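User: Please take me through some local features of this model, one question at a time, with the cut-offs behind each term stated as we go.

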Amino acid sequence: MTRLAVVTGGGTGIGKAVARRLATDGDEVVIVGRRATVLEATAAEINSGLGADRVTIAVADLTVPEQVRALAVRITAAGKGIDVLVNNAGGNPAAGQGDLAAVADAYLESYRLNVVTAVLVTEALLPHFTRPGGRIVSISSIAALRGAGAYGAAKAALHGWSLGLAQQLAPEGITVNVVAPGFVPDTEFWADRLTPELEADRVAQIPAGRAGTPDEIAAGTAHLVSAEAGWTTGQILQINGGTLLGRG
């Protein structure tokens, strides 16, 4: 049976790679984001490559409860259960400097973009999840594990929420996991801030000797949402070329 997967932030970078991987594996995929033109271009590209219309779009600002509620209604209108949710939407707003109000705004905005988006869409879709067999994966960052200001703090909060949700949903046969990528420059996250010097510095910190790719993050995500991963829940999968080693 064809599964229904929802990928937030699915128009570019890691979200796009995840959507392509799941659609290639045979899933029906809804990509969600704020920019209709970006989503439309991504859906057309993936569908054209597959020769099948497996990717559709839904436009919503996931920080706005009313829009998330409407999104859930649209996605579930046909009565099909949700099998997979990949929470990839996020952002890294400019850090506040000096002024306490600016610092507060930066931390609140980072939390809103990286945590509230995942919490709202998950809560809205949860009643419609396949039980047993549902899969939830949130895309985090190496920053959550080694610290990086407001962004790292927000991603760390995403970890705590995911682990609690994993315990809550395990008896219902729904798994909840996190993927924490290292340096993956081919994303919008790095679009306006990456210089050759910064890239060289980041790569020098990676024992594998190179940056990661969105497709490699998508591969790890695809395993966690697969039928074979039914006994894997409450885990944080690091994919970072050895930059930060796992801990038991």
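**Salt bridges, a cis peptide and a surface patch**

User: At what relative accessibility does Arg-3 count as partly exposed?

Analyst: This is a predicted model, in which local features need pLDDT of at least 70 and side-chain atom pairs count only at pLDDT 80 or more, while totals for chains, interfaces and linings use all residues. Residues are numbered from 1 along each chain as its sequence is written, and side-chain values use heavy atoms, with hydrogens and water left out. Buried means under 20% relative accessible area and exposed over 50%, with partly exposed in between (1.4 Å probe, protein chains only). Arg-3 falls in that middle class because its relative accessibility is 22%.

User: Which residue forms a salt bridge with Arg-3, and which parts does the pair tie together?

Analyst: A salt bridge here is a side-chain nitrogen of Lys or Arg within 4 Å of a carboxyl oxygen of Asp or Glu, and the partner of Arg-3 is Asp-27, the closest N and O atoms being 2.9 Å apart. Asp-27 is buried, at 5% relative accessible area. Helices (H or I, at least four residues) and strands (E, at least two) are DSSP runs numbered from the N terminus. The pair ties together parts 24 residues apart in sequence, because Asp-27 lies in the loop between helix H1 (13-24) and strand E2 (28-33), and Arg-3 in the segment before strand E1 (4-8).

User: How far apart are the closest N and O atoms of Glu-216 and Arg-210?

Analyst: Glu-216 is partly exposed, with a relative accessible area of 32%, and Arg-210 is partly exposed too, at 43%. The two form a salt bridge, and the closest N and O atoms are separated by 2.6 Å.

User: What is the omega of the cis peptide bond that joins Arg-131 and Pro-132?

Analyst: Pro-132 is placed in the loop between helix H4 (100-125) and strand E5 (135-139). For the cis bond joining Arg-131 to Pro-132, omega is about -5 degrees.

User: How much accessible area do Leu-145, Leu-163 and Ile-236 have together as a nonpolar patch?

Analyst: Patches are made of residues with over 30% relative accessible area and no salt bridge, like charges being joined within 9 Å and nonpolar side chains (Val, Leu, Ile, Met, Phe, Trp, Tyr) within 5 Å. Ile-236, in strand E7 (residues 236-239), is partly exposed at 31% relative accessibility. Accessible areas come from the Shrake-Rupley method with a 1.4 Å probe, only the protein chains shown counting as cover for residues. Together, the three patch residues have about 200 Å².
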